[in-house]
Amino acid sequence: MTTAIGGDKSLIRCSFSPQVHSAESRCGKVGFVKFPVVELGSGKGFLRSGIIGGEVKSGCLGPIWTLEASRTSNVNPRAEKSHHSGCDSHEVLINECDGFSGKRPQMSTIGNSSNIVWHKCTVEKVDRQELLQQKGCVIWITGLSGSGKSTLACALSGGLHARGKLTYVLDGDNLRHGLNSDLSFGANDRAENIRRVGEVAKLFADAGIICIASLISPYRKERDACRALLPEGDFIEVFMDVPLQVCEARDPKGLYKLARAGKIKGFTGIDDPYEPPLNSEIVLRQSQGFCSSPGDLAKIVISYLEDKGYLKA
């Protein structure tokens, strides 16, 4: 194959053969074409090629089969077919060199997704934890609006950050600015909101990060479903046990006032129920007469994490 670059007087011809491969490399790989520095023209119109000792991916030039030795002796007939078909072929090449074991993978159906395969990587959670020197987990802070969930989440994140620990806060309102902006506050959408947050929190924990989820999450069923996503002990439920009258007196967002006026429907604690946890790992109680500082509450959670070994690999 010959590729021409330039005008009449400054023509570069780059030739290669799609047949270039040896018996040792029967498993082909799409590679890169390396071009040397080339000068185009001379005099005032002197230019250097935009391809300066660089690489051009071979996808636009047709498959270029490297001479790199194969890791296996199997030949993929689809790869051979595509190899000889030139630029007109757009088949995805899957062969032994790509790490395929030769056995057909086990397909799964999860929910509405069918014919899917879990791809296992060599770097796993334990490796990431070793790198971060901590254990990934989910701290799920639940309670009424105004109970101090978000305030605790930020204080906890700050306290752990000061200790050199990597955290991320999943705040209910913040997530509704993006990921969950399509959801309402109806019962079904609230359940879906919690499901999504649970799945995202699971990913953070698998990354070795201490994930702090801060949501009202009023229903036990949804909270328990999130707990079931993680290994035993990696879901740490923190219940902000603050009486309704205290939360309503605080009313930092003015939502209780709107709910009492009938301007907000389905507001938790007013015309929609909150189901208190029955077996939380941590319960932080506050009353009208006594209110611990966010820093003091964060220290309680951090102490729990230390005792359970989450602050070391």
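Helix α5, residues 187-206, lies across β9, β10 and β11. Its direction is about 145° to β9. The model is predicted.

The strands under discussion belong to an open sheet of 5 strands. Their order is β10-β11-β9-β12-β13, and the pairing is parallel. β10 (167-171) and β13 (282-285) are the edge strands, each pairing on one side only. From one strand to the next, the twist averages 15°. Strands pair through backbone hydrogen bonds, in parallel or antiparallel fashion. Take β9 (residues 137-142) and β11 (residues 210-214): 5 bridges join them. Ile139 has Ile212 in β11 as its bridge partner.

A further helix, α9 (residues 294-307), lies across β9, β12 (235-241) and β13. It runs at about 165° to β13.

Now the rings. The structure holds 4 aromatic pairs. One of them is Tyr168 with Phe204: the centres are 4.9 Å apart and the planes are at 5°, so the pair is stacked. Tyr168 is partly exposed, at 45% relative accessibility.

Tyr256 and Phe267 form another pair, with centres 5.0 Å apart. Their planes stand at 85°, so this pair is edge-to-face. Tyr256 sits in helix α8 (residues 255-260), while Phe267 is in the loop between α8 and β13, 11 residues apart. Tyr256 is buried, at 0% relative accessible area. Phe267 is buried too, at 9%.

Arg176 places its charged end over the ring of Phe185, 3.8 Å from the ring centre.

Key. Residues numbered from 1 in each chain as written. Predicted model: local features only at pLDDT ≥ 70, side-chain atom pairs only at ≥ 80, totals over all residues. Heavy atoms only, no water. Pairing = 2+ DSSP bridges. Helix = DSSP H or I, 4+ residues; strand = E, 2+ residues; numbered from the N terminus. Axes fitted to C-alpha atoms, helices over the stretch in contact; angles between N-to-C directions. Contact = heavy atoms within 4.5 Å. Phe/Tyr/Trp six-rings, centres within 6.5 Å; stacked < 30°, edge-to-face > 60°. Buried < 20%, exposed > 50% of the residue type's maximum accessible area, 1.4 Å probe, protein only. Lys NZ or Arg CZ within 6 Å of the ring centre and 35° of its normal.
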